[in-house]
Amino acid sequence: MSDIALRVHGVSKRYLLGVPPPTTLLREHAALWARRMLQRRRAPALTEFWALRDVSFDVRRGEVVSLIGRNGAGKSTLLKILSRIIEPTKGRAEIHGRIGSMLEVGTGFHPELSGRENVYLNGAILGMRRWDIARRFDEIVAFAEIERFIDVPVKRYSSGMYIRLAFAIAAHVEPEILILDEVLAVGDAAFQRKCLGKIGSVARDGRTVLFVSHDMNAVTTLSQRALWLADGCLVDNAPVRDVVGRYLATLAVDMPRGERVLAVPDDVPVGITAARTLGPGLEPVDVLPRSSAVLVMLDGHVRRPPRDDEEYFVALDVHGADDGRLFRTHNVEQRWFAAVPREPGAFRLSCTIPAELLIPGRYRLGLIVGIAGRQHVQEVYPLLEIDVVQDRLVANVWSGHVGVVTPRCEWKLMDA
Amino acid sequence: MTLPSIIQPTRGLARPDLHALWQFRELLYFLVWRDVKVRYKQTALGAAWALCQPLMQMVVLTLVFGTFARLPSDGYPYAAFVYAGLVPWTYLSTAVAAASTSVVAEQAILTKVWFPRLLLPLAAIVRPAVDFALSLAAAVVLLAWYGIHPAARLLELPAWLTLEAATAVGLGLWLSALHVRFRDVQHVIPLLLQVWLFASPVAYPVSLVPERWRWLYGLNPAAQVIEGMRGALLNKPNLIMADLPACVALVSVTLLAGALFFRSIERTFADVV
């Protein structure tokens, strides 16, 4: 008998984006199938998105493990796969024991039914037996503190009552492995403490808990170990204090500056592998005076030559401090033509952001690589961060800036 | 200790997981129970609405086809004749429509909890059976008023109901699975039901169908079920009994293939819905 509760091995999940935009009309599917039949290969209009890439880890019986990472890192996708709601595209997971998951508070609650009726309905949806629910009914109601309202339709409940009842049911399902997604984010402080206490006692009973939370206090008090997901990859798997420390550190100064190496998956036809912001002496810098141009150097690689009707492009976005995009610039335009080579191999592109264009402040660059008019194959934001600083102050000259850019506009005093 | 359950990509056809269905049998009960409860909450007439639909249709059809168009009714009072056909037809059409939309209707649960997805179309065909029972009881009363006493042949009804439920599930499995990907299905169902109503002996007797086309007519499971239930209620000879085995075979194939199809694509439901 092993003491492993969960064994996840190489789990990946792919989504095909834009297949076809409204996925639910027969006519478009017919067109897509016809295209596939003719080309024998998947139509190129499909963009792949890997929500999870090759995630592997084990969870021992009785362990409380938290899952952290930014929004969109793949945490919920992983929990859905372990709950059998969606299937992985690759990899496998072994689950030793009865699993109970709560990905949402009050799934299947019907507003017209009373609290009592919803306890039975929700319990059944979560996999409880009727006699099990009946046996624990009083306990559930007491935990939720809604004794007086148990026969009132839940549509008349306050949101707090609703959440308390929902959590109370889920907390009494008593699976061997409990999976929770962000359930601590709801309810008032007193109820959150109660939930934390319940999760702690579940763990003391020797049951396994895997939960997602953005509340680092809850994460460190409840779990022994943390898994950190970023962009679908498991980047850290260690004792909780270490992982949380490293995670918080990147949240604070996560911005890459100066130069950066980028990982490009093998199946991407073209990609940028390194990016640098260079100063006048061609050394990587991240703080530049307003009077000097910003030179962005991009190293890339063509893995697969474009088809005859295809053209690769590289673009840079410049974002202001509030994350709003100021402008985008492409490598190929009417005024200049720096096309990506068509044959496989390395290439290098440079882009000059003119001097005296940006007002002093903090800027973030974003990178887009793709096939013109078809799809994006690489998107990195933020790519690099730069600070533009005021270099000199000239007396009696207006040095304040209004707006976001200061292009060189020529002013002349004309004869009246 | 329980055996490990394995999660991995499945390929090809998947067989229905009867063990999981049995484990979740109480959820089937609760889904039906919820729909029955919710259906008549905050209504003044409550369950009486279950009777209104077939009774109203009986009045309209009797007026239009019985009185104005003077359609034959095999010698029975037209109202009794048409009501005996409406009872099975109302169940079949409600069950098919409900089963077909059952998966998409529960998308909120589908994307958050795992349970055997087959329960959804199954629950959808069980729920209208409650209304069916009520309108069947009303039929017996109505027929007694016309002096028709069905007696022993009522025992045939469970067999016909089984065929009818199998038809509804079989179609429901196909349509509900397709509905997840193609919302076109919700537009097809009313059309299908309208054509099907006129292709079935609800408003007219089977004897009106030309004899050389009866074999084809008898393959229509709705025709079999309506003729069968009406025969049992009115104690009337069944004119398409000879085609029953072929029809049962057709329904069985639809049902089994539907179950395989449903199981094979249910793993993508939560991704697509």
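Which hand does the crossing of helix 4 of chain B and helix 7 of chain B have? The tour comes to that crossing after a few notes on the model.

This is a predicted model, in which local features need pLDDT of at least 70 and side-chain atom pairs count only at pLDDT 80 or more, while totals for chains, interfaces and linings use all residues. Residues are numbered from 1 along each chain as its sequence is written, chains are lettered from A and ligands numbered from 1 in the order in which they are written, and side-chain values use heavy atoms, with hydrogens and water left out.

**The helix pair in chain B**

Select residues 78-105 (helix 4) and 157-181 (helix 7) of chain B; their axes come within 7 Å and cross at roughly 30°. Helices here are DSSP runs of H or I with at least four residues, strands are runs of E with at least two, and both are numbered from the N terminus. Axes are lines fitted to C-alpha atoms, for helices over the stretch in contact, with angles from 0 to 180 degrees between N-to-C directions. Helix 4 of chain B is therefore roughly parallel to helix 7 of chain B, a term for angles under 35 degrees. The crossing of these two helices is right-handed, meaning that the near helix is turned clockwise from the far one by less than a right angle.

Next, show side chains. Residues of helix 4 of chain B, including Trp89(B), Leu92(B) and Val96(B), meet residues of helix 7 of chain B, among them Leu161(B), Leu171(B) and His179(B); contact means heavy atoms within 4.5 Å.

**A sheet across both chains**

Move to the open sheet of four strands, ordered 2(A)-1(A)-4(A)-1(B) with antiparallel pairing; two strands pair if DSSP finds at least two bridges between them. Its edges are strand 2 (47-60) of chain A and strand 1 (5-7) of chain B, each pairing on one side only. From one strand to the next, the twist averages 20°.

His9(A) has Arg92(A) in strand 4 of chain A as its bridge partner.

**Backbone stops in chain A**

Select Tyr381(A) and Pro382(A): a cis peptide bond joins them, with omega about -5°. Pro382(A) lies in strand 18 (residues 375-389) of chain A. Then go to Glu145(A), in the loop between helix 4 (130-144) and helix 5 (159-171) of chain A. Phi of Glu145(A) is near 55°, a positive value in a residue other than glycine.

Note on methods:
Parallel < 35°, antiparallel > 145°, perpendicular 65-115°, else oblique.
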